[in-house]
Amino acid sequence: IPLAVGVPPRHGKDAQIEYFFNTDLKAKPTVMEDGSVDFFNLNTINHCTKGDVLARLFPADPGEPGRSVYNEKINPREVKRAVLRYGRNISISEDKTCIYSEVNGHVVLVEDKVFVSDVLELENVDMSTGNIEYEGSVLVRGNVCSNFAVISHGNIEVRGIVEGAYLEASGDII
């Protein structure tokens with residue numbers, strides 16, 4: 001014969017953000033089918049096109065309180081809330097759970113904030129970046145080293161030296 005029955009609280013879930021691009025960009029050489037390694041194509045850029053979903057927020061579920069055998073309220077554990085943080089060239093859905101790219105370009109995550117740019121800015125094109133193939137414009141503040149390629153569907157501007165490299169642009173090369 002039960003004399004007193006309590007109801008345990010239903011604990012909620014923390015909010016989560018799912019990113020639809022590589023958030024851990026490290027220069028990794030491309031492995032070819034024959035097992036050789038291509039050090040010129042390092043895959044260090046997250047390309048995106050207009051309308052791409054960049055991130056989705058799964059809101060926090062606060063849970064439901066329970067009751068003790070003395071009918072006292074038992075609160076569920078606290079949940080962590082999150083919000084989508086983003087910069088320019090990004091739109092957000094009406095329910096504030098998805099963000100989309102407004103331009104063709106590249107996407108990066110910096111300190112939990114998503115940025116999209118249609119101009120790729122680099123210090124140098126060398127072993128740290130590999131070859132560059134980009135939908136928008138490319139700005140190289142330094143040099144383009146020998147045997148590297150920069151292919152752009154916009155403009156290319158190099159403020160340093162180009163030494164034995166391949167440059168191709170749909171727009172201007174400066």
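Partly exposed describes a residue whose relative accessible area lies between the buried range, under 20%, and the exposed range, over 50%. The legends below use this term. The model is predicted.

**Figure 1. Arg10 and Asp61 form a salt bridge.** The closest N and O atoms of the two residues are 2.9 Å apart. The pair links distant parts of the chain. Arg10 sits in strand β1 (residues 10-13), and Asp61 sits in strand β7 (residues 61-64). The two are 51 residues apart. Asp61 has a relative accessible area of 26%, so Asp61 is partly exposed. Arg10 is partly exposed too, because its relative accessible area is 38%.

**Figure 2. Arg10 also meets Glu64 in a salt bridge.** Here the N to O distance between the side chains is 3.9 Å. Arg10 lies in strand β1 and Glu64 in strand β7, so this pair ties together parts that are 54 residues apart in sequence. Glu64 counts as partly exposed because its relative accessibility is 46%. Arg10, Asp61 and Glu64 are linked in a network of salt bridges. Side chains of opposite charge can pair when their charged atoms come close.

**Figure 3. Arg77 and Asp14 join two loops through a salt bridge.** Their side chains meet at 3.3 Å, N to O. Arg77 lies in the loop between β9 (73-74) and β10 (90-92). Asp14 lies in the loop between β1 and β2 (16-19). The pair therefore ties together parts that are 63 residues apart in sequence. Arg77 has 41% relative accessibility, so Arg77 counts as partly exposed. Asp14 has 28%, so Asp14 counts as partly exposed as well. How many salt bridges does the structure hold? There are five.

**Figure 4. Tyr19 and Phe21 form an aromatic pair.** A search of the whole structure finds one such pair. The geometry is edge-to-face. The rings are 5.8 Å apart, centre to centre, with 65 degrees between their planes. Is Phe21 buried or exposed? Phe21 counts as buried, because its relative accessibility is 12%. Tyr19 has 24%, so Tyr19 counts as partly exposed.

**Figure 5. His106 makes a polar contact with Tyr134.** The contact joins the two side chains at 2.6 Å. His106 is found in strand β12 (residues 105-110). His106 counts as buried because its relative accessibility is 12%. Which residues is His106 in contact with, leaving aside neighbours within four places in sequence? They include Ile45, Asn46, His47 and Cys48. Among them, too, are Phe115, Val116 and Ser117. Val119, Leu120 and Tyr134 also belong to this list.

**Figure 6. The largest nonpolar core has 15 residues.** Leu54, Ile90, Ile99, Val107, Val114 and Val116 touch the most other members. Strands β6 (53-58) and β13 (113-117) each supply at least two residues of this core. Strand β6 gives the most, with three residues. Nonpolar side chains tend to be buried together in soluble globular proteins.

**Figure 7. Ile99 and its contacts.** Residues up to four places away in sequence are not counted here.

**Figure 8. A second, separate core has 13 residues.** Its members include Ile45, Val125, Val150 and Val158.

Note on methods. Residues numbered from 1 in each chain as written. Predicted model: local features only at pLDDT ≥ 70, side-chain atom pairs only at ≥ 80, totals over all residues. Heavy atoms only, no water. Core = buried A, V, L, I, M, F, W, Y, C linked by side-chain atoms within 4.5 Å. Buried < 20%, exposed > 50% of the residue type's maximum accessible area, 1.4 Å probe, protein only. Helix = DSSP H or I, 4+ residues; strand = E, 2+ residues; numbered from the N terminus. Contact = heavy atoms within 4.5 Å. Phe/Tyr/Trp six-rings, centres within 6.5 Å; stacked < 30°, edge-to-face > 60°. Polar contact = N/O pair within 3.5 Å; in protein donor to acceptor, adjacent residues only side chain to side chain. Salt bridge = Lys/Arg side-chain N within 4 Å of Asp/Glu carboxyl O.
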